[in-house]
Amino acid sequence: MTDQRAKPKAVSRSLQQRLIRRFARYFGSGLTLPLLILASWEVAIHARLLDSRLWASPGAVIVALIAQVKDGELFDDVAASLQRDLSGFVIGAVIGLSVGIVLARSRLIDGLLGPLLNGVKQIAIFAWVPLISIWCGHDEPAKIAFIALAVFFPVMLNTYDGVRGIDSRHFEVARVLGLNRWQRLRYVILPAAMPAIATGIRLALIYAWLATIGAEYFFASGAGVGSSMNDGREQFRMDLVLLGMTMIGGIGFLLNVVAGRVENWALQWRDG
Amino acid sequence: VTIRIADPSSQDIFCPHPLPAAIPDPRKEQADAPTPLAAQARRERVYRLFLAILGPLALLLLWHFAVRWALLPVQILPAPEAVARSLVDLATSGRLASNLAISVRRVALGFLIGAGAGLLLGSAMGLSAKADRFLRPTFLVISQIPVLGWLPFLMLLLGIGEALKIVIIAKAAFTPVTLNTLNGFRAVPSHYLEVARIYRFSPWQLLGKVMLPAAFPPIFTGLRYGLTHSWLSLVAVELLASTEGVGYLMVWSRQLFQLDTMIAMMVVIGVIGYLMDRLLSAAEALVLRRYGGSVT
């Protein structure tokens, strides 16, 4: 009798223990701290521990998000940012790729311009902002030029390394086969240097996004995620600022994922 | 086929310094000197040096004459000699030194705070699996938002005073230092730990005699990235919100359309970036020679 009673109790206790353990695993894990911060933040605002004129609660950020999605402002901002991000990226990547290949293949040009480019590279990217503003104004061309500049160096450097690393025997074979300049580029240089180029492109995508945010602060005009954050700051709208931060982090994360996929895809043929 | 694939963290416009391929050994070079191959290499070096001087010199002359013959208006590009003159002016008037001192102090303070916090957090996450599980998502969220993304938020919170600059610079150093410290401790080979277990090392002995020496090179690399990121963020934050410092000097000359001063400041910023990089690469080479291991 006692056995029969004890049994279900033991079972339930072990179930309870399992639940507690699962609970502990769940809440002893990485989600705890963010949830704690968000919860105490929300509570602190309602309890007036944080000045609600300055601070926006997590709930207010969600409200701002919904409002911005509804009137289409969010979409416009993201579209504008991504568009200039990609424009600058394509321009910078094409120039970087070309310069990298030319420098790697021509010892004369490399000798003349290589050290100079290495010197220019040392100038912190943001130090170009005043000069770009004088050359290109404060509008779209300036932003795109800044992003392209940020993209140029990683693409150029990685392309240069990749092309310099090509086994010289590849070029001997190309000579034997009588390949012309373009065939050499298409069938020897680009495939052999592709891993390094893909790495450069991947890095460049990430930097392009950082530079987009920077460009939207420095050349403040027009739509964009960074611009809307800047507006939010000027209007003391913490909810807009926090929403902007979330968007910047989220889009950066997505771009990173996409860039990784693209890199894998570009290198797929090597495994086959 | 040796294709050097750049490590994502080693190349960075925000810290654009490829690592040295190898540490040259001066004794070896001397020993090789008399062979014809070495003579050829020396000729090659002289040729390259010649080209490296010729290229910029030609561009400088082109620049000079383009301005002289009014192909380029001075409002677009001032003459190189004007840039040199304002560089000398800045240096002799003491304006450069005083603003540079302010900027360097900001970087030093911010870097110390950010790197200290990064070392602590990275060690905690690298040495304790529990801490790692608990803290990593939060750290990833914080590091996912780039330094510039924090700027408007921190401006609202802290105003545009000194605290803002220090916090921004600290955040810039914090992320790479944490990541490299974490990965450095993670990458300590497991057989080192086994040997330590056989010798029955205490936890402190394990830390001091095994973990720290083994993880030191990657941690140092993290510190190096951290410092370059700090310098970069300093320039950005001084351009956006400052009334002194090298970045402010640029904004000020931009507003007065003193392009010569502006370009002179770009040169200064480039030279400092270069010196910082050389100094740290040399230190890193020393660290690698002392502690061995590969650069991560």
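A salt bridge here is a side-chain nitrogen of Lys or Arg within 4 Å of a carboxyl oxygen of Asp or Glu. Keep that in mind and select R48(B) and D110(A): these two form a salt bridge, their closest N and O atoms being 3.5 Å apart. Across the interface of chain A and chain B, the rule finds two salt bridges.

A word on what you are viewing: this is a predicted model, in which local features need pLDDT of at least 70 and side-chain atom pairs count only at pLDDT 80 or more, while totals for chains, interfaces and linings use all residues. Residues are numbered from 1 along each chain as its sequence is written, chains are lettered from A, and side-chain values use heavy atoms, leaving out hydrogens and water.

Next, select the whole contact (heavy atoms within 4.5 Å). Chain A gives 64 residues to the contact and chain B gives 60. About 5600 Å² is buried between the two chains, with carbon and sulfur atoms giving 74% of that area; buried area is the accessible area (1.4 Å probe) that two parts lose on being put together, summed over both. Now pick Q122(A), F126(A) and I134(A), which supply 12% of the area that chain A buries against chain B, more than any other three residues.

Finally, colour chain A by pLDDT, the predictor's confidence in each residue, from 0 to 100. The mean for chain A is 85, and 92% of its residues reach 70 or more. Where should you take care? Where pLDDT is low, the predicted coordinates should not be read in detail.
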